[in-house]
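Please read the briefing below alongside the sequence and the model. It is grouped by topic.

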Amino acid sequence: MTSQAMRRHAIQFHAVPVSLCILAVLLSLLSLDIEAGSLSPAAIFDLAAGSDTRSLLLTQGWIPRFLIALVAGAGLAVAGALFQHTLKNPLASPSTLGLAGGAKLALTLVTLYVPGALAIGQETIALLGALVVGFLVFALARRSGFSPLIVILTGMIIALYCGAVTTALAIIHHEWLKSLFIWGSGDLTQDGWYILEPLAAKVCMGAALAVALARPLEMLNLSDHQATVLGASPARMRLLCLLIGCWLTATIVAAVGIIGFVGLAGPAITRMLGFRRLRSKLLMSAVFGAVLLCAADQGVQVLSGYIGTLVPAGALTGILGGPLLIIMIRQLRSNSQPSQNTSPAPEPDQSNIRNHLRVLAGVLLVIIGAILVGRDIHGDWQLQLGNALNTVWPWRGPRILGAMAAGTMLAIAGTILQRMTANPMASPESLGVSAGAVIGMIAIVFLIDAPTAWLQISGAAIGAFITLGAIFALTRKSGYAPERILIAGIAIGALFDGFIAFLMAGGDPRATRLLAWNSGSTYGLGFDRASVLAIIAVSALPILPAFARWLNLFPLGPVTTKSLGVDLSISRGVMLMFASILTAAATLLVGPLSFAGLISPHLAKLAGLRHALPHTVGAALIGAALMVAADWLGRMLFFPWEIPAGLMAAIIAGPIMVWLLMRVGRGAS
Amino acid sequence: MAMDLSDRPAVLGMQKARFETARGVTLLDNISVTFRAGCLTAIVGHNGSGKSTALKMLAGLNKPTSGAVTLDGNDVGRFSAREFAKSVAYLAQDPGHGADYTVEELIALGRYPWHGPFGRLRERDKQSIERAILLTGLEALRKRAVSTLSGGERQRAWIAVTLAQQASCLLLDEPISALDLSHQYEILLLLEQLCKQDGLCIVAVLHDINLAARFADHIVALKGGKLIADAPPATIMQSDMLRDIFGMDMLVQPHPTNGHPFALANV
């Protein structure tokens with residue numbers, strides 16, 4: 001490449017963060033104009049010096065809000081960079097450890113059951129919730145020396161668990177919890193400097209500490225052996241890194257609520273710009289995080305003025321940050337980064353007959369139980385056979401079938417993605433396809449009055465396939481490199497999630513109805529749609545052995561895989577297509593049930609199924625059983641209320657995974 | 001004892017091949033060389049002379065910036081991945097820890113080009129795997145996890161993978177660098193035998209010029225990305241030649257027992 005071409009490329013590349021900064025400045029000026037009525041410095045100073053309402057709005061409202069966006073954005077990005085460094089995973093973010101989820105759950109529980117306690121302050125309760133979760137994650141991961149994989153999995157489970165319980169409560173008691181929706185998506189409104197000042201102090205302390213420790217923390221880039229031999233203590237360093245990250249996250253979440261994506265996007269942009277050393281990564285992440293959140297929040301203020309509803313800041317971070325990441329991915333040159341192997345020592349493969357039979361037996365038990373056991377109209381539990389079964393079968397049958405099929409398909413998709421990307425955090429949700437389906441569905445529901453079920457599905461299908469096309473287009477040049485796929489999927493997902501959060505916070509009743517579907521529900525599923533799902537699931541199974549061969553070779557690295565005769569682009573592309581179609585089909589008919597796709601592969605691996613085919617099949621069976629159980633419990637536990645299957649699955653599987661993880665952690669230390 | 005090798009069929013070749021990285025650094029310049037069946041060719045040269053790059057080009061992993069790399073006269077890029085893997089096996093300098101496979105399982109993966117995504121392991125595949133285990137002396141280690149083996153044992157396991165692949169060409173990047181002396185000779189004797197008996201075309205990057213001279217039929221020397229010698233060992237093992245290739249003063253003596261030329265550093 002000539003140096004002229006290189007220079008042009010560099011300019012194009014840097015155009016993205018530069019335009020972000022320009023956008024932030026423009027939006028800030030616009031919002032300042034709206035607030036203060038003019039942009040001349042003299043007029044603004046006069047206003048600030050005054051003491052009428054408008055002055056107060058400026059000095060006690062707009063200015064602290066502007067500053068807190070910078071502070072919170074910087075802090076979240078630094079926390080995200082720290083987590084990504086320690087956990088060696090580009091998908092790690094402040095929400096990875098579940099702190100935000102814990103904070104939200106604590107607030108939800110207190111609001112519902114101990115409202116008097118809110119007197120001590122929303123912030124304190126949120127902080128306590130976050131710290132309890134942090135402590136839990138640390139306690140569980142300590143035995144393994146805070147190995148990245150264990151920390152990620154533990155944090156993931158706890159985050160999903162908290163999220164599931166919170167959403168379940170929100171569905172049942174949604175009138176009381178509406179205010180938490182805003183907080184849940186980030187609320188930066190200020191009425192004074194009393195939140196900003198302490199927060200700024202804490203964030204500066206945390207960030208300064210991180211930057212000061214950056215050089216020793218670099219040692220985490222080496223393997224544990226190499227670091228130890230050089231006199232460092234990797235476990236202690238990871239703990240330190242995680243502590244600082246948790247501190248930053250907890251204080252920010254407590255102060256301004258949950259603002260997603262900034263902690264992921266800031267470090268991602270920094271990394272793509274080529275900053276390699278931790279110190280520069282921390283500093284530049286802070287800058288980009290601050291600018292991104294500032295742009296989002298100022299944009300929110302401008303928009304709220306025009307639209308008239310409160311728009312949460314978290315919604316706009318996704319809408320702004322998502323496309324940024326997408327543009328940068330397009331401009332990355334196609335050299336994939338080597339994936340880090342962070343798994344603990346391999347266990348011997350136990351894919352013997354006994355293990356398979358055990359899994360199969362468990363699955364059958366669950367399915368039979370779900371078919372036969374139910375509650376009658378008085379709410380009494382009973383074993384329903386014969387006539388009693390026939391009466392409920394038209395409703396129960398399709399739901400069990402649908403849950404089974406969807407669980408199977410998502411588990412397969414999740415296993416393929418995790419093996420292909422060698423990333424334990426990958427899930428069908430990472431493809432952004434389910435978010436695309438949701439957006440499609442939302443578009444139809446909002447644009448057309450009272451759309452039929454098939455119309456909604458068509459909308460969702462179009463949304464899903466547009467997203468799929470986007471992912472393919474973005475990653476084709478790099479030969480569908482794993483990290484690209486994940487970042488692209490997350491970026492698109494964040495973009496769409498932003499829109500969804502936008503709508504949810506608006507309080508539109510149609511949006512609240514979508515909340516249940518958004519958590520994955522088999523409600524209203526008839527045999528026609530369930531059969532379609534089942535057919536797709538069943539026809540996917542025979543293809544698995546073919547993919548198993550590829551999936552067995554991928555862990556050996558791209559060079560060995562290629563020299564053994566596998567065309568990397570074709571194999572990755574085909575499997576990506578396969579996983580996406582399964583995800584889209586399941587999402588269309590049952591709603592996003594991504595937990596099945598995220599957890600089933602891990603459960604299968606922890607049950608001792610290591611090689612590609614037993615792993616995938618085992619995960620499929622476990623996914624099916626998990627969803628059937630979750631659907632059944634969701635319908636039966638609070639009869640006649642219903643908790644969506646997706647949420648129930650998180651609530652059941654959480655403790656199981658934590659128990660299994662503790663067993664693994666003991667072995668890995 | 002120079003052999004006339006020009007009657008052996010040419011298998012792999014590079015014609016005026018040049019490799020430039022994305023940043024404009026030239027790693028290989030104007031390389032033209034032919035590798036023949038039944039020939040063991042050693043590629044030697046200083047660190048950074050382009051040996052690994054050349055091997056990767058022959059393996060189809062790097063595309064030449066200009067010039068051609070051919071297999072049986074056809075451009076290497078024209079073959080499908082599986083077809084190519086049936087003819088050419090490549091062992092990287094650092095093939096990795098073998099994920100979580102046992103030795104047996106890892107070697108079995110070498111059969112992929114033959115059974116592909118849909119095939120099962122047939123009798124022929126199993127025989128090939130057994131033969132690879134036998135030839136590399138890994139019988140006692142079959143059930144061990146590859147990542148728990150010593151460096152040398154793991155290298156033998158990877159060599160066994162390339163053997164199981166049953167390709168007619170083997171491209172090996174420093175295949176014996178981690179092995180102890182007896183195993184180094186063992187592997188080289190094995191490679192020599194495979195060349196003579198099965199007519200394989202073997203190209204190996206070797207650091208030890210004496211081992212190269214003892215076992216190779218032909219030596220290709222690179223220096224700074226350019227080809228500076230392409231001759232039988234007898235021609236290469238001359239003081240002035242060696243000084244040109246390695247930049248060191250070396251004495252060449254015949255081995256006391258078997259007469260092979262031996263180079264000793266004159267330092």
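The points below cover confidence, the chain contact, salt bridges and aromatic rings.

This is a predicted model: local features need pLDDT of at least 70, side-chain atom pairs count only at pLDDT 80 or more, and totals for chains, interfaces and linings use all residues. Residues are numbered from 1 along each chain as its sequence is written, chains are lettered from A and ligands numbered from 1 in the order written, and side-chain values use heavy atoms, without hydrogens and water.

**Confidence**

- Within chain A, helix α8 (residues 196–212) has the highest confidence, at 92, and helix α20 (residues 509–518) the lowest, at a mean of 66. Helices here are DSSP runs (H or I, at least four residues), numbered from the N terminus.
- Residues 334–347 of chain A stay under 50 in pLDDT, and the model gives them 19 contacts beyond four places in sequence. A contact means heavy atoms within 4.5 Å.
- Where pLDDT is low, the predicted coordinates should not be read in detail.

**Chain contact**

- Chain B contributes 30 residues to the contact and chain A contributes 20 residues.
- The two chains bury about 2,100 Å² between them, with 61% of it on carbon and sulfur atoms. Buried area is the accessible area (1.4 Å probe) that two parts lose on being put together, summed over both.
- On the chain B side, Asp100(B), Tyr101(B) and Tyr112(B) lose the most area to chain A, together 25% of what that side buries.
- Zero salt bridges are found across this interface.

**Salt bridges**

- The whole structure has 17 salt bridges over all chains. The rule asks for a side-chain nitrogen of Lys or Arg within 4 Å of a carboxyl oxygen of Asp or Glu.
- Lys143(B) and Glu104(B) meet at 3.1 Å, N to O. Lys143(B) sits in the loop between α5 (123–135) and α6 (151–164), Glu104(B) in helix α3 (residues 103–109), 39 residues apart.
- Lys143(B) is exposed at 65% relative accessibility, while Glu104(B) is partly exposed at 22%. The classes are buried (under 20% relative accessible area), exposed (over 50%) and partly exposed in between, with a 1.4 Å probe and protein chains only.
- Arg142(B) pairs with Glu130(B), with the closest N and O atoms 2.6 Å apart. Arg142(B) is in the loop between α5 and α6 and Glu130(B) in helix α5, so the pair ties together parts twelve residues apart in sequence.
- Arg142(B) is buried at 14%; Glu130(B) is partly exposed at 36%.
- A network of salt bridges links Glu104(B), Glu130(B), Glu139(B), Arg142(B) and Lys143(B).

**Aromatic rings**

- Six aromatic pairs are found over all chains. Rings of Phe, Tyr and Trp (its six-membered ring) pair if their centres lie within 6.5 Å; planes under 30 degrees apart are stacked, over 60 edge-to-face, the rest tilted.
- Trp393(A) and Phe527(A) have ring centres 6.4 Å apart and planes at 50°, so this pair is tilted.
- Trp393(A) lies in helix α16 (residues 386–421) and Phe527(A) in helix α21 (residues 527–540), 134 residues apart.
- Phe547(A) and Phe578(A) pair edge-to-face, at 4.8 Å centre to centre and 75° between the planes.
- Phe547(A) is buried at 7%, and Phe578(A) is buried at 12%.
- Phe547(A), Trp550(A) and Phe578(A) form one aromatic cluster.

Key. Helix = DSSP H or I, 4+ residues; strand = E, 2+ residues; numbered from the N terminus. pLDDT = per-residue confidence, 0-100.
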